[in-house]
Amino acid sequence: MTSIFLRAACMLAMALGLSACGGKAEFKVTGLVSGLKYPTLKLSTNGQSVTVLPADTNGTTVNFSFPNTISYGDEYDLVFDTQPAHQSCSFYDPVNNSKGVAGRLAAINVVIICGVSTHTVGGKVSDLTSTGLTLINGSIGGTALVAPVPADPVSTTAPFAPAPYTLPIAVPYFEYYGLSILYQPLYDNCTITGKAAGQMLDTDIADISVSCARDAIAGSVTGLTVDGLTLKNVAALPNTTPTVVVAKDATVFSFGKDDVNKDVAYDVQVATQPAGLVCTVSNGTGTVKSTALPISVACKAG
Amino acid sequence: MKSLYSRSGLSSLVALACALGLSGCGGSTPNLAVGGSITGLTKPGLVLKNGDGPDLPVPAYSASFVFNEYIRADDEFNVTVKTDPTAAHCTVVNGKGRSAFNVNTIIINCITESHELSGTIVWPDKAKQTTDPVGLILNNGNNAVTIAANSPAFTFNKPITDSTGKPVTDSTGKATYSGQVDDGSAYGVTVAQQPAGATCSVTNGVGTMGTVPVTNVLVTCVAAP
């Protein structure tokens with residue numbers, strides 16, 4: 001009879017989390033995981049491991065319990081063996097909660113919080129020569145203002161390097177994203193040439209290409225009956241003077257689209273007169289995309 | 001002299017008590033601030049009032065406010081919204097009470113008006129459809145809608161329902177929606193997934209939401225080669 005009473009008392013004491021009942025009190029290592037949406041989270045401590053599966057894709061809180069008990073006074077220190085796919089989980093309190101000594105508290109209850117991994121959306125803008133390009137990801141995905149990047153070293157053929165951009169708000173796994181041009185830059189017309197929209201997977205999207213083109217400096221020509229006319233843009237890049245050779249009977253001329261300076265001002269003048277003719281430039285100065293009058297070149301016998 | 005001393009002694013004692021935020025300073029100098037926090041204020045034009053006191057204009061994006069006028073301990077305060085911001089509505093929580101200390105527990109919650117983003121879809125002639133054009137997904141950033149085959153229109157509005165699936169209505173009994181775009185926010189409609197048998201593109205898909213819904217987004221689908 002006595003021993004039965006003793007055993008019952010000890011069980012009661014154990015239920016209350018007390019120790020020193022002949023044998024040591026035993027503790028289950030338990031806890032909860034908040035925000036778990038994807039398999040498979042695997043935890044271990046004291047030579048045991050437990051697999052925690054999500055309740056649903058909404059991340060409803062799930063409980064876990066290690067299979068075997070540990071004894072009063074045993075140290076426990078949980079570690080992540082495997083993180084769930086597309087998620088990153090961490091201990092709510094890695095100092096006082098996920099490790100400790102059994103018996104310090106009545107029960108061991110480890111809190112784990114999981115968040116869905118996020119990845120950025122970005123890419124490169126080619127041939128961007130002016131400021132103001134504004135990219136968005138829908139209404140709440142952030143805004144990226146893309147500035148032109150001067151080539152280094154500056155060259156006449158490619159005065160601007162591709163301009164990288166990244167939207168400031170990263171997108172969680174499996175959420176949709178869609179890149180749009182909210183505002184065009186001052187002097188360029190840009191279009192999205194890459195795949196603008198989709199569903200985020202496990203890596204950053206860094207390859208949505210945007211390409212821009214600027215109106216070339218161009219104008220009309222009259223009276224050019226012989227070869228030999230060369231025009232120059234003296235307001236082009238430093239130390240360079242782009243030229244264009246205009247053949248006889250041409251009615252139009254056009255500089256290359258990169259043959260302008262970074263302030264996008266131009267000043268078109270005659271570099272070489274054709275034999276026997278005198279050509280004069282009208283409205284030769286201005287800025288690209290300004291409302292300046294169209295450039296015209298008139299040639300007549302000199 | 002004596003009475004003067006004692007009077008000034010008393011008044012400084014009262015002032016001290018008031019400065020310490022103690023009550024019972026009836027008739028003393030007003031020295032308690034009335035203020036609090038603001039959530040969701042993205043629009044200009046908010047004007048607050050405390051009782052019959054002067055207006056307090058609050059700039060857009062403010063997260064807190066405090067009236068310029070102090071009140072006395074044990075004074076009543078009654079903070080109300082005199083004028084809502086442009087295209088937003090603000091409500092006051094804990095706006096009424098009696099001061100004992102500086103009042104900083106008033107909360108102004110503002111919600112910017114939002115409007116529907118919607119449009120029409122032009123599909124290839126039925127005769128040119130090699131297959132039902134199923135699977136078109138349009139999105140405005142994270143908000144995606146799956147479009148049924150040959151559906152002539154789309155909206156990003158999604159009815160808000162409770163846990164039993166019943167539509168949630170606002171205080172005026174109108175249905176409520178998620179997926180609307182705030183007044184003043186940008187939007188950009190893109191094709192997240194092309195449908196089978198057709199290729200779709202978006203025009204009028206980018207802009208900034210104004211004071212009325214946007215209904216002119218046009219999705220044009222042509223038969224895939």
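In chain B, the side chains of Asp55(B) and Lys49(B) meet in a salt bridge, with 3.1 Å from N to O; by salt bridge I mean a side-chain nitrogen of Lys or Arg within 4 Å of a carboxyl oxygen of Asp or Glu. This is a predicted model, in which local features need pLDDT of at least 70 and side-chain atom pairs count only at pLDDT 80 or more, while totals for chains, interfaces and linings use all residues. Residues are numbered from 1 along each chain as its sequence is written, chains are lettered from A and ligands numbered from 1 in the order in which they are written, and side-chain values use heavy atoms, with hydrogens and water left out.

Asp55(B) also forms a salt bridge with Lys82(B), at 2.8 Å from N to O. Lys82(B) lies in strand S5 (residues 76-83) of chain B, whereas Asp55(B) sits in the loop between strand S2 (46-50) and strand S3 (56-58), so the pair ties together parts that are 27 residues apart in sequence; strands here are DSSP runs of E, at least two residues long, and helices are runs of H or I of at least four, both numbered from the N terminus.

How exposed are these two residues? Asp55(B) counts as partly exposed at 36% relative accessibility, and Lys82(B) is likewise partly exposed at 47%, where buried means under 20% relative accessible area, exposed over 50%, and partly exposed in between, using a 1.4 Å probe and protein chains only.

Arg98(B) is in strand S7 (residues 96-98) and Glu76(B) in strand S5, 22 residues apart, and Glu76(B) is exposed, with a relative accessible area of 57%. Through shared partners, salt bridges join Lys49(B), Asp55(B) and Lys82(B) into one network.

Let me turn to where the chains meet.

Finally, chain B as a whole comes to 1 helix and 20 strands, and of its 225 residues, 36% count as buried.
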